[in-house]
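Open the structure in your viewer and keep the selection tool ready. This tour goes stop by stop.

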Amino acid sequence: MAMAELSTPKTTTSSFLNSSSRFSLSSKLHLSNNFRHLLLPPFPTTPNSKISCSVSQNSQAPVAVQDNGLAKTKKECYGVFCLTYDLKAEEETKSWKKMINIAVSGAAGMISNHLLFKLASGSVFGPDQPIALKLLGSERSIQALEGVAMELEDSLFPLLREVDIGTDPYEVFQDVEWALLIGAKPRGPGMERAALLDINGQIFAEQGKALNAVASPNVKVLVVGNPCNTNALICMKNAPNIPAKNFHALTRLDENRAKCQLALKAGVFYDKVSNMTIWGNHSTTQVPDFLNARINGLPVKEVITDHKWLEEGFTESVQKRGGLLIQKWGRSSAASTAVSIVDAIKSLVTPTPEGDWFSTGVYTNGNPYGIAEDLVFSMPCRSKGDGDYQLVKEVEFDDYLRKRIAKSEAELLAEKKCVAHLTGEGIAYCDLGPVDTMLPGEV
């Protein structure tokens, strides 16, 4: 899976508007003769630059307001996000819902560059759902985040009500209902997988603490940065106040790739493929499950009689799809990863079609499959569309499938030992063996 740029947590505030620039929409739209707000000034390029508001100071100057006797200063605004809208005054927006807050880490990276505009357009949470985007980056990416905010501004998304950017997760994650954790460090030349687990694990431990401290108590967390299963476990262990069930590791791209390969082999369009499960880790030990998958409602093994291909060629093609894409395209799969994030969210906020299911990496405690507990493991799930999910019980197993699942389970247990110091379980001991199971494109 593609890697986004690293967003390093900071304990001190940034000089750029206290590390969390806020663009907000409040209550009433002021147009008058200030239409020049459409010609927006550039963002500041130096730490001490002052953001100037593009509407007149007479109408939008920062003001002090009284709240329980305490004076507060209104933050400076920028461009169209200075303006405010009275939704109740517009007939077509009466059905709009209460705004939700969505945090995205690695927000200046390539995956986010595709994802943010899908979120803002309404194609993820619905055409009547206003959102606020909270964008987390690193100190070195702050100007890129400003550029992202400018592009979001220029796109005129009516559902996008607020944009915040910052480098401190304790500020950016304030009151968020969804946290999409994309930012992670890619593995450099010669870096052992154990070292990557430790470096990225520290990032997700800090972000878990921040979510635990300031996010909505029922925040849904989707971890994309690799190794995403173990990073999700680390994040969850550092956020004890958030239900463990709310943490997900992204394996939806693997599911989508598996559906594509089965459709190609069967000569059908991909929407004919259903009940596709990715079991285990987001690595080359992942298990694309052709035993339980369906094509036109029929078991895959009845439609595709080349069982040797299913056991060898199919699994390998899914595992190596990212590497092949890099060879062809010269870059990792940012766009399709963003699409799979959208698919993963929509699977939780819309009811699962009758009889079907989807894959996501979730906490194994209480699972009905006999998989070791206290891991984040990709398994088949269904949702009623309320953001929650239930594990699917009516799945079949054979010796081939169980053997493959056990291999991925063993790998995740080994990864867990490597990060014991980050999950509060003692001293880390890392023995991942000689085989490198990182996915293509992660180096």
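Start with the whole chain. Buried residues make up 53% of the 443 residues in the protein. Keep in mind that this is a predicted model. Color by secondary structure next. The protein has 13 helices and 17 strands.

**Stop 1: a pair of helices**

Select residues 110-121, which form helix 2. How are two packed helices described? By the angle between their axes and the distance between the axes. Angles under 35 degrees count as roughly parallel, and 65 to 115 as roughly perpendicular. Helix 2 and helix 11 are therefore oblique to each other. Which hand does the crossing of helix 2 and helix 11 have? It is right-handed.

Now show the side chains where the two helices meet. On helix 2, pick Met110, Ile111, His114, Leu115, Lys118 and Leu119. On helix 11, their partners are Ala334, Ala335, Thr337, Ala338, Val339, Ile341, Val342 and Ile345. Color this contact by residue type. Expect 11 nonpolar residues, two polar and one charged. Lys118 is in this group, and Lys counts as charged.

**Stop 2: the disulfide**

How many disulfides does the structure hold? There is one. Select Cys418 and Cys430, the two residues that this disulfide joins. The S to S distance is 1.9 Å. Look along the S-S bond: the angle about it is 80°, and the link is right-handed.

Zoom out to see what is tied together. Cys418 lies in helix 12, residues 399-418. Cys430 sits in the segment after helix 13, which covers 420-423. The pair therefore ties together parts that are 12 residues apart in sequence.

Is Cys418 buried or exposed? Its relative accessible area is 6%, so Cys418 is buried. Cys430 has 35% relative accessibility, so Cys430 counts as partly exposed.

**Stop 3**

Select Cys228. At 1% relative accessibility, Cys228 counts as buried. Move on to Cys260. With a relative accessible area of 26%, Cys260 is partly exposed. The cut-off makes the reasoning plain: buried means under 20%. Cys228, at 1%, counts as buried for that reason.

Terms used
Residues numbered from 1 in each chain as written. Predicted model: local features only at pLDDT ≥ 70, side-chain atom pairs only at ≥ 80, totals over all residues. Heavy atoms only, no water. Axes fitted to C-alpha atoms, helices over the stretch in contact; angles between N-to-C directions. Helix = DSSP H or I, 4+ residues; strand = E, 2+ residues; numbered from the N terminus. Parallel < 35°, antiparallel > 145°, perpendicular 65-115°, else oblique. Left-handed = near helix turned anticlockwise from the far one by under 90°. Contact = heavy atoms within 4.5 Å. Disulfide = S-S within 2.5 Å. Buried < 20%, exposed > 50% of the residue type's maximum accessible area, 1.4 Å probe, protein only.
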